[in-house]
Amino acid sequence: MTTLDKASNSNWTIVFVCWIIASVSTLGSLFFSEIMEFPPCALCWYQRVFMFPLVIIFLVGLFPIDKSIIKYALPLALAGWGFAFYHYLLYSGFIPESIQPCSQGVSCSETYLDLFGFLTIPMLSLVSFSIIIVLLYILKRRLSK
Amino acid sequence: MKKQFIVFISIVFLILLFVLGVNIYKTQQAKKYGFLAQENASTFVRDYSQTLGSDDAKVYLVKFSDPACETCAAFHPFVKKLMAVNQGKIKLVIRYAPFHDGADYFVKILEAAKRQGKYWETLDIMYKTQRYWASHHNPQPQRIWKFLPNAGLDLEKIRNDMNDPEIAKIIQQDLADAKTLNVRKTPGFFVNGKPLPSFGSKQLQELVESEISKYY
């Protein structure tokens, strides 16, 4: 019984960490747009569309711990990761600017933030989505055992 | 520990962190930009406005002036002296309030001179020779042309540039801002957005000094 409890606790912690990451990312992106007043570009918006709901989904899935959380959260995280990865490629110049989708308004390749010389906003987004995906994958493996 | 409690504490912590971040960021910005971080700063300083002094200066001295106004001319050396005494601490911003009849003519010349990089030279010449062309009994705006070569200007280019609608727009915007800020007489001074308690060079000096002591 105790081992089962322990396992369930670890599963809970994994979802909890996912929720923390989604919350920090959400608040962080709101900080950039609302407080520092960096206008979010189109690609940023697509990533936000997939990040913001994760905060609620993970929170609901925590009480009580719901195993089907993977089914709902993973598709969102994967879609967000796709946009983040594309944005990252655009940002770092692997994809030429000429084919970027948002020609009007805010440029998606303009650098607003450059922490420690390598940490940019698209990179933060990519890292968040990646960690969430990895954690959900670990959870899936644990549950299928 | 109860799970609900952990999540609750996390939410509180995250929100506090956010609020703290907002505060730190705002204080930092206020320190960095001083007066310019004020919400209505753009009413006092437009992007196109002619400025003099260091970008790091924390005291913004905004002067709504009219090239044909005698008091503006009289105050010009005084303001320059204030800036020289407080080297690097004052940024002078020239805004236009051409209230005298036909005074926008001179503003247009001044803005055209700016395109030749001779703004301050031209303003100096204007103020020095003002009595010859802006006399109240007998204003003769055309006579200013005689003096303009002293500022090293290409007069042909001035005549072309001064009718640019962009310049007319600048004058309109400045007049609109003057109205918003309740400037009815020239020169109208604002020090970091604060108007003079009453008009006078002594009051101007005191206000500038009190703002300097706030930031330095």
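What follows is a short exchange on how some structural terms apply to this predicted model.

Author: This model is predicted, so local features need pLDDT of at least 70, side-chain atom pairs count only at pLDDT 80 or more, and totals for chains, interfaces and linings use all residues. Residues are numbered from 1 along each chain as its sequence is written, while chains are lettered from A and ligands numbered from 1 in the order in which they are written.

Reader: Which residues of α9(B) are called buried?
Author: Buried means that 20 or more other C-beta atoms lie within 10 Å of a residue's own; exposed means 12 or fewer; partly exposed lies in between; C-beta atoms are placed from the backbone. B:L204, B:L207, B:V208 and B:E211 are buried.

Reader: How do you know that they lie on the same side of α9(B)?
Author: The arc is taken from the directions from the helix axis to the C-beta atoms. Theirs is only 95°, so they share one side of α9(B). On the other side, B:K202 and B:S213 are exposed.

Reader: Where is the kink in α3(B)?
Author: The bend at a residue is the angle between axes fitted to the seven residues ending there and the seven starting there. A kink of about 30° lies at B:H76, shortly before the proline B:P77.

Reader: Why is β3(B) called largely enclosed?
Author: Five of its seven residues are buried, so the rest of the structure largely encloses β3(B).

Reader: In what sense do β2(B) and β3(B) pair?
Author: Two strands pair if DSSP finds at least two bridges between them. β2(B) and β3(B) have seven bridges, in the parallel sense.

Reader: What is the handedness of the crossover from β2(B) through α3(B) to β3(B)?
Author: Right-handed means that, with the strands pointing away from the viewer, the path from the first strand over the helix to the second runs clockwise. This β-α-β crossover is right-handed.

How values were computed
Helix = DSSP H or I, 4+ residues; strand = E, 2+ residues; numbered from the N terminus.
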